[in-house]
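User: Let's go through this model together. Can you set the ground rules before I start asking?

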Amino acid sequence: MIRLTGRARAHSNIALVKYWGKRDSDLFLPMTNSLSLTLDALYTDTSIVFDSELTEDTFTLDQIVQSKEQTEKLTHFLDIIRAKAQITSKANVTSLNFVPTAAGLASSASAYAALIGACADALGWEDDHKSLSKLARRGSGSATRSLFGGFVEWDKGTDDSTSVAIPIDDGQWDIGLIVLVLNNGKKKISSRDGMAHTVATSPFYENWVKTVPSDIKQMKAAIYRKDIEMIGEIAEHNALKMHATMLSANPPFWYFEPATLLAMERIRELRQAGYPAYFTMDAGPNVKIICQKSDMTAIMDELSHFYTNDQMITSAAGPDMRTLTEEEWAESLAKKEGSNEYSH
Ligand code: ADP
Ligand code: DP6
């Protein structure tokens with residue numbers, strides 16, 4: 001009997017220049033580069049046991065055994081890993097999301113980055129985050145970026161071996177993000193389906209692709225200068241351009257809810273009150289506020305007229321993916337058992 005065990009933690013990330021569209025949906029090669037900030041507050045812990053005696057893969061998320069469909073998604077990813085490692089053993093995967101699942105808060109990003117970390121730990125692979133980012137990409141595109149902390153660029157590359165994450169800046173300065181949880185239910189249209197439909201039908205999609213390289217270039221310059229106003233302005237414009245491609249798809253669709261638009265207005269009001277605060281939204285109704293870490297308490301006070309404390313998750317820049325010890329894994333399990341926070 002062969003049993004190989006590994007555990008890892010990876011943090012979710014929020015794109016400031018978005019990934020929206022694939023040019024190869026089997027290899028997960030994106031149409032454009034993208035750039036994100038990894039978040040300290042939101043993460044996934046995953047443990048894997050490859051066991052030669054198992055007859056099929058199993059997948060437990062937040063103490064709930066997952067459906068056949070969810071497990072098949074995981075098996076598809078594990079098959080890529082097994083082929084690379086030249087093993088055939090099935091696996092038991094246990095995962096804990098300290099991030100709301102499928103609510104546009106990048107649970108798939110932290111999920112696949114943690115899973116590849118756990119696989120590498122179990123299989124005794126050399127800890128090379130860049131190589132692991134290529135494999136994480138095959139689970140979910142945004143997971144490519146979650147191998148690294150701080151600001152991370154995903155280079156679209158020219159093929160499977162060059163489409164990788166590149167760390168840009170550790171983000172350990174006066175910048176952070178507040179996630180406004182307006183609705184943490186599972187979204188109706190997955191990012192995967194939403195982006196495929198947009199690429200296939202939006203007459204504006206071509207223009208989206210044309211404008212991203214300049215957003216990336218300017219965003220990197222803004223990060224190097226630690227210029228939060230410029231970072232925020234580019235991020236807002238980029239997010240709205242992405243959402244415009246969905247509004248122009250046929251049939252059109254959108255992730256915004258009335259509360260999303262209200263939150264955008266409130267963030268503009270914060271700006272009028274003197275705070276450098278900017279919004280970005282992904283494939284869900286929730287809004288993320290890019291702001292100075294030093295302003296977070298004051299901004300939360302301002303927003304407390306409209307939102308409860310539970311709806312506002314503050315985060316600084318998060319770290320790289322890392323392996324977990326058995327003790328750390330046990331602590332995570334206990335933490336999850338102690339609260340139903342973020343679980344379904
Ligand atoms: P999100 O906005 O949360 O990233 P997506 O629709 O992109 O939403 O991805 C959610 C999907 O990611 C889930 O339906 C599930 O298949 C997968 N996922 C989420 N958490 C995990 C996890 N911890 N381990 C493996 N897969 C996960
Ligand atoms: C709007 O990475 O979830 O959050 O590659 O199909 O798994 P798949 O999609 P996913 O898409 C993320 C889309 C986004 C923007 C971003 O994170 O860059």
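Predicted model: local features only at pLDDT ≥ 70, side-chain atom pairs only at ≥ 80, totals over all residues.

User: Which residues come nearest to ligand 2?

Analyst: There are 17 residues around ligand 2. The ones that come nearest are Y19, K22, S140, G141 and S142.

User: How far is the backbone N or O atom of G141 from an oxygen atom of ligand 2?

Analyst: Polar contacts here are pairs of N or O atoms within 3.5 Å; within protein, one must be able to donate a hydrogen and the other to accept it, and residues adjacent in sequence count only if both atoms are side-chain atoms. The side chain of S191 has an N or O atom 3.4 Å from a ligand 2 oxygen, and a polar side-chain atom of D282 sits 3.5 Å from one. For the backbone atom of G141, the distance is 2.7 Å.

User: Which helix gives the largest share of the shell around ligand 2?

Analyst: Helices are DSSP runs (H or I, at least four residues), as strands are (E, at least two), numbered from the N terminus. The largest share is three residues, and they come from helix α4 (residues 191-201).

User: What domains is the protein divided into, and how far apart are their centres?

Analyst: Bounds come from an automatic or database domain assignment. That gives domain 1 (1-170 + 319-344) and domain 2 (173-316), and the ligand 2 shell draws at least three residues from each. Taken over C-alpha atoms, the centres are separated by 23 Å.

User: How much area is buried between domain 1 and domain 2?

Analyst: Buried area is the accessible area (1.4 Å probe) that two parts lose on being put together, summed over both. Carbon and sulfur atoms give 69% of it here. The total is about 3,400 Å².

User: Which residues of domain 1 lose the most area to domain 2?

Analyst: Together they make up 26% of what that side buries. They are L16, K18 and W20.

User: Where is the cis peptide bond?

Analyst: Omega is about -5° there. The bond joins N250 and P251.

Notes:
Residues numbered from 1 in each chain as written. Chains lettered and ligands numbered in written order. Heavy atoms only, no water. Near = heavy atom within 4 Å.
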